[in-house]
Amino acid sequence: MLRELLSGSGGIDASKLADAAGLPSDPASLAAIFSQLQQAMQRSADEGIDWSLALRQAEQRASSGQRQLAPAESDRLDTAFDLAALWLDEVVDVSALPGTPELLTRRSWAAATMPIWSQLAEPVALSIADSLTRVMSEQAPEELRSMVQGASRMMRGIGGAMFAMQLGQVVGQLSTEVVSGGDVGIPLLEDGRAALLPQNVAEFGDGLDIPADQVELYLAVRELAHARLFRHARWLRLHLITAITAFARGIDVDVERLEELAEGFDPSNTDELRDAVANGALLRPKSAEQEAALARLETMLALVEGWVDVVTADATSRLPTSDAVAETIRRRRATGGPAESALATLVGLELRPRRLRDAAAMWRAVTDAVGVAARDALWAHPDLLPTAVDLDDPAPLAARLAAGGQAAGEADAEFDEALEALLRGDTPSADAGDEGEDGDGGDAPDATPDAETPGDRPS
């Protein structure tokens, strides 16, 4: 069936299959897709998935409707970033970014973030490909096993290519919706890099009855806060991405549902296939281990977004429309969009933290109890961060921090420093000294802030 489809001689409507898979179905795009799938059939299993397909699809979709930045708009946003940095300096105890914030087009955002997207999606893609090949091998009669083995390799290549192209479509669509580098909630850009997408910022502000410069300033503050946090807590980026990929590796295909779909598949009616792909019906329910991992991950995402919300609110307190912009962002985050739903299906993870309001209330309570410096010192190490229990009731945490308790996990600090230096391939003693003298304000997780004494450390 696949050979007939790719050769164009079969009776299958290729445009309907492409539409069911969330891919472009116009003739030119179909021709390009078939060419890419034919190349994928020739790839060996050792070559893995060709993620350049995802990048091409994302850039193509992002370029549609993209406009260039006007000089006056660029000057206005640069000024917004400058003012946002000054306002943030007043409400956080984390250092400024080393580089200049950027203004990205949709296409450049898609290209800059694709390495992280492919890293997050690869475990799911490999799991689906392994499940498909396992089903084919187990269900084939003995006399057809040798033929099926060849078909399995072909399916693996085609499945990986299709998944990469689907991911590209999703990221391309996201590029038309996100307003900044940290808008999705995870660190998609490199540490120390902040960016706004001016075209999307303008569309975000349309219809809000709020002056455009105030919307831009509020979003600039949020983006700088997000970027500064990930540079300050240098362990956080790897921690989050590792947690997401570990969760994704546990995703598996529901073989029985796949077999049911295959037995009743009607090439002329792809609605059932589209629905199964869109709502994740082909994936098994989460295991107990995955549910526990998901709860921890959602708590961490909520802590990040809650902190950003609190410091943004403090930094923009003199902005007349800050509450109105914040409420718009909350509604937008709560409802999500089609691209986010598709991403949740492809990567297997809903990126909108469910406990965001709890996290914001907790960070506010901590700030009121111990101040900005002690609050931001909690990001020095993952063992110091509040837990899900603290989100339920932040009062005991605030009281404990106000009492000046000893920091949790402090006994393991030397071990953590040595282990991190070893993993980087550095000399622990030399690096430990350099980190404390580079004037970076103790941004790295293995550095102790100069202004902190043992009695001041939070528990």
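**A helix and a helix pair**

In this predicted model, helix α10 spans residues 234-249; its 16 residues reach 24 Å from the first C-alpha to the last, close to the 22 Å expected at 1.5 Å a residue. The expected span is 1.5 Å times one less than the number of residues. Among the buried residues of α10 are Trp235, Leu236, Arg237 and Leu240, where buried means under 20% relative accessible area, with a 1.4 Å probe and protein chains only.

Residues are numbered from 1 along each chain as its sequence is written. Local features need pLDDT of at least 70 and side-chain atom pairs pLDDT 80 or more, while totals for chains, interfaces and linings use all residues; side-chain values use heavy atoms, without hydrogens and water.

Two packed helices are described by the angle between their axes and the distance between the axes. Helix α9 (residues 212-232) packs against helix α13 (residues 288-315) at about 130°, with axes 9 Å apart. The axes are lines fitted to C-alpha atoms over the stretch in contact, and angles run from 0 to 180 degrees between N-to-C directions. The contact (heavy atoms within 4.5 Å) includes Tyr218 and Phe230 of α9 and Trp307 and Asp309 of α13.

The chain has 20 helices and two strands, which are DSSP runs (H or I, at least four residues, for helices; E, at least two, for strands) numbered from the N terminus. Buried residues make up 48% of its 459 residues.

Methods:
Buried means under 20% relative accessible area, exposed over 50%, partly exposed in between (1.4 Å probe, protein chains only).
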